[in-house]
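Here is a friendly briefing to read alongside the model. The topics run from the overall fold down to single residues.

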Amino acid sequence: MKFDVLTLFPELFNIVMRESIIGRAQENGIIKVNAINIRDYSKDKHKKVDDYPFGGGTGMVMTCQPVIDAYNDITKDMTVKPKVIYMSPQGRVLNQKIAKELSTEEHLILLCGHYEGIDERIIEEIVDEEISIGDYVLTGGELPAMVLIDCVSRLVQGVLASENSYSEESHFNGLLEYPQYTRPADYNGKKVPDILLSGHHANIEKWRTQQSIERTKQKRPDMYEVYERTHKKNL
Ligand SMILES: NC[C@H]1CCC[C@@H](CNc2ccc(C(N)=O)cn2)C1
């Protein structure tokens, strides 16, 4: 899966996306993150990429030309144009279900805005979808883009050790994750639940499911309500 990221801060991606799971997935050729510097496409003699907003107001707005030319350049040889996602507080809020949907795409282009905004004609011209990572405003779309790349990439075949690395994770099965423990079995007198040391896998699985249901009910009653509705026969 390939991510082309249109950004004013490509270095951010080259550093963060080189680490850990995403970094390994890039080395293995499963994921490719290609950060493109919008500023390289500015035709302005001072490489400007923003200008004052028509109608007044504080802050600057990203201009059309560099972004549209960057988009046209990266897609010029593509028969199928990849989906363009603009990271924006106005977008559909990202969740595990949307991440799963996006993980089936071969190629995504992510647009990171900055300043007070981007010229609306950019959105009209090249953006297919706006996605938000939550209801708050950040200085740029770069962190949201990295969040999207991380949560989508881990669902791509071969990125994690095995599929059940995430199939038991919070939000994947509509529940929150059960508690995890590792050695030592007794840390400062705090013991690991006996069931987990029993080696009785069927009982362990039952205990884990029950823990997930209980903590979802307690921490996320909204999620529990959905789970209850769809699983009422088992509860
Ligand atoms: N003036 C607001 C807006 C102008 C254009 C650039 C964005 C970048 N900042 C972002 C982007 C996305 C999110 C999110 N929640 O996903 C938050 N913040 C900010």
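Of the 235 residues in the protein, 41% are buried, where buried means under 20% relative accessible area, exposed means over 50% and partly exposed lies in between, with a 1.4 Å probe and protein chains only. This is a predicted model, in which local features need pLDDT of at least 70 and side-chain atom pairs count only at pLDDT 80 or more, while totals for chains, interfaces and linings use all residues. Residues are numbered from 1 along each chain as its sequence is written, and side-chain values use heavy atoms, with hydrogens and water left out.

**Overall fold**

- The secondary structure comes to 8 helices and 10 strands; helices (H or I, at least four residues) and strands (E, at least two) are DSSP runs, numbered from the N terminus.
- The radius of gyration of the protein is 22 Å, whereas a compact globule of 235 residues would have a value near 18 Å. The radius is taken over C-alpha atoms, and the globule rule is 2.2 Å times the number of residues to the power 0.38.
- Taken along the principal axes, the box filled by the C-alpha atoms is roughly 70 × 40 × 40 Å.
- Among contacts with a separation of 6 or more, 73% are between residues 24 or more positions apart; a contact means heavy atoms within 4.5 Å.

**Surface**

- The protein has about 14,200 Å² of accessible surface, and 51% of that belongs to carbon and sulfur atoms. Accessible areas come from the Shrake-Rupley method with a 1.4 Å probe, and for residues only the protein chains shown count as cover.
- Tyr 136, Leu 138 and Leu 143 form a nonpolar surface patch with about 300 Å² of accessible area together. Patches are made of residues with over 30% relative accessible area and no salt bridge, joining like charges within 9 Å and nonpolar side chains (Val, Leu, Ile, Met, Phe, Trp, Tyr) within 5 Å.
- Leu 143 lies in helix α6 (residues 142–153) and is exposed, with a relative accessible area of 53%.

**Salt bridges**

- Side chains of opposite charge can pair when their charged atoms come close.
- The whole structure has 13 salt bridges, each defined as a side-chain nitrogen of Lys or Arg within 4 Å of a carboxyl oxygen of Asp or Glu.
- Asp 69 and Lys 43 form one of them, with the closest N and O atoms 3.4 Å apart. This pair links distant parts of the chain, 26 residues apart: Asp 69 sits in helix α3 (residues 64–75), and Lys 43 in the loop between β2 (32–37) and β3 (50–51).
- Asp 69 is partly exposed at 23% relative accessible area, whereas Lys 43 is exposed at 67%.
- Lys 83 and Glu 129 meet in a salt bridge of 3.7 Å, N to O. Lys 83 is in strand β5 (residues 83–93) and Glu 129 in strand β8 (residues 129–132), 46 residues apart.
- Glu 129 also pairs with Arg 92, at 2.7 Å from N to O.
- Glu 129 is buried, at 14% relative accessibility, while Lys 83 is partly exposed at 26% and Arg 92 is partly exposed at 39%.
- A network of salt bridges links Lys 83, Arg 92, Lys 97, Glu 101, Glu 105 and Glu 129.

**Cysteines**

- How many disulfides does the structure hold? There are 0, a disulfide being a pair of cysteine sulfur atoms within 2.5 Å.
- Cys 64 is buried with a relative accessible area of 18%, and Cys 112 is buried at 1%.

**Two further residues**

- Arg 183 is placed in the loop between α6 and β9 (186–187) and is exposed, with a relative accessible area of 79%.
- The C-alpha atoms of Arg 183 and Leu 110 are 41 Å apart, and the two residues are 73 residues apart along the chain.
- Met 223, in helix α8 (residues 221–230), is buried at 11% relative accessibility.
- Leaving out residues up to four places away in sequence, Met 223 touches His 171, Gly 174, Leu 175, Leu 176 and Thr 216.
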